[in-house]
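Subject: Structure handover

Hello,

Here is the structure we talked about. Please open it alongside this note, and read the findings below with it on screen.

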Amino acid sequence: MAKRDSNNEKMNDVFKKLIRSYGMTSRFNEFEVVQVFSEIMGPVIMKKVANAYVYQHKLFLELTSAPLKQELSMEKTKLINMINKELGQDYLKGIIIK
């Protein structure tokens, strides 16, 4: 049986290095922002989100509920901070609600 190498790395670190080496960091970050947003909002609120995507460090949300639009527009800064904290970097710069 072979011994383990002492240069063990976490799978998350190896995955991020692989993404960086292929030049896909920005695309991966865009995907991760939408994933974190859906985790924060939960499945009930996500049913009212028709479309969510990231373009130029801004999260674009198309909503089907007027009260939800109003609520999210008042909490944009808090939501941006929560998403950036979850990502571990200052990636998201704004939220556009349609």
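First, a definition: helices (H or I, at least four residues) and strands (E, at least two) are DSSP runs, numbered from the N terminus. On that numbering, Gln56 sits in the loop between strand 1 (49–55) and strand 2 (58–63). I come back to that loop below. Please keep in mind that this is a predicted model.

**Overall layout**

The protein chain has four helices and three strands. Along the sequence they run α-α-β-β-α-α-β. The radius of gyration is 17 Å, well over the 13 Å that the globule rule gives for 98 residues, so the chain is more spread out than a compact globule. Along the principal axes, the C-alpha atoms fill a box of roughly 60 × 25 × 20 Å. Of the 98 residues, 28% are buried.

Ser26 and Leu63 are 37 residues apart in sequence, and their C-alpha atoms are 25 Å apart in space. Ser26 belongs to helix 2. Its relative accessible area is 46%, so Ser26 is partly exposed.

**The loop between strand 1 and strand 2**

Gln56 is exposed, at 55% relative accessible area. Then take His57, which lies in the loop between strand 1 and strand 2. His57 also is not a glycine, and its phi is positive, at about 65°. With a relative accessible area of 35%, His57 is partly exposed.

**Aromatic pairs**

How many aromatic pairs does the structure hold? There are two.

One is Phe15 with Phe28. The ring centres are 5.5 Å apart and the planes stand at 70°; over 60 degrees counts as edge-to-face, so that is the label for this pair. Phe15 is in helix 1 and Phe28 is in helix 2, so the pair ties together parts that are 13 residues apart in sequence. Phe15 is partly exposed, at 38% relative accessible area.

The other pair is Tyr53 with Phe60, and it is stacked. The rings are 5.2 Å centre to centre, with 5° between the planes. Is Phe60 buried or exposed? Phe60 counts as buried, at 14% relative accessibility, because the cut-off for buried is under 20%. Tyr53 counts as partly exposed, at 29%.

**Salt bridges**

The count comes to two salt bridges. Side chains of opposite charge can pair when their charged atoms come close.

Arg27 and Glu30 form one of them, at 3.3 Å from N to O. Both residues lie in helix 2, three residues apart, which is about one turn of the helix. Their surroundings are worth a look. Arg27 counts as exposed, at 53% relative accessibility. Glu30 counts as buried, at 18%.

Asp90 and Lys93 form a salt bridge too, at 3.4 Å from N to O. Asp90 is exposed, with a relative accessible area of 56%. Lys93 is exposed as well, at 53%.

**The largest pocket**

How much space lies in the largest pocket? About 160 Å³. Its lining is made of Lys16, Ile19, Arg20, Thr25, Phe28, Asn29, Glu32, Leu87, Gly88 and Gln89. The elements that give two or more residues to this lining are helix 1 (11–21) and helix 2 (25–46). Helix 2 supplies the largest share, four residues. By type, the lining residues divide into three nonpolar, four polar and three charged.

**Where to look, in short**

- Helix 1 and helix 2: the Phe15 and Phe28 pair ties them together.
- Helix 2: Arg27 and Glu30 both lie here, and their side chains meet in a salt bridge.
- The loop between strand 1 and strand 2: Gln56 and His57 are both found here.

Best wishes

How values were computed:
Residues numbered from 1 in each chain as written. Predicted model: local features only at pLDDT ≥ 70, side-chain atom pairs only at ≥ 80, totals over all residues. Heavy atoms only, no water. 1 Å grid on protein atoms, 1.4 Å probe; cavity = no way out; pocket = protein on both sides within 12 Å on 5 of 7 lines; lining within 4 Å. Points joined across faces, edges and corners; volume = space filled by probe spheres on them. Nonpolar A, V, L, I, M, F, W, Y, C, P; charged D, E, K, R; others polar. Phe/Tyr/Trp six-rings, centres within 6.5 Å; stacked < 30°, edge-to-face > 60°. Buried < 20%, exposed > 50% of the residue type's maximum accessible area, 1.4 Å probe, protein only. Salt bridge = Lys/Arg side-chain N within 4 Å of Asp/Glu carboxyl O. Rg over C-alpha atoms; globule rule 2.2 N^0.38 Å.
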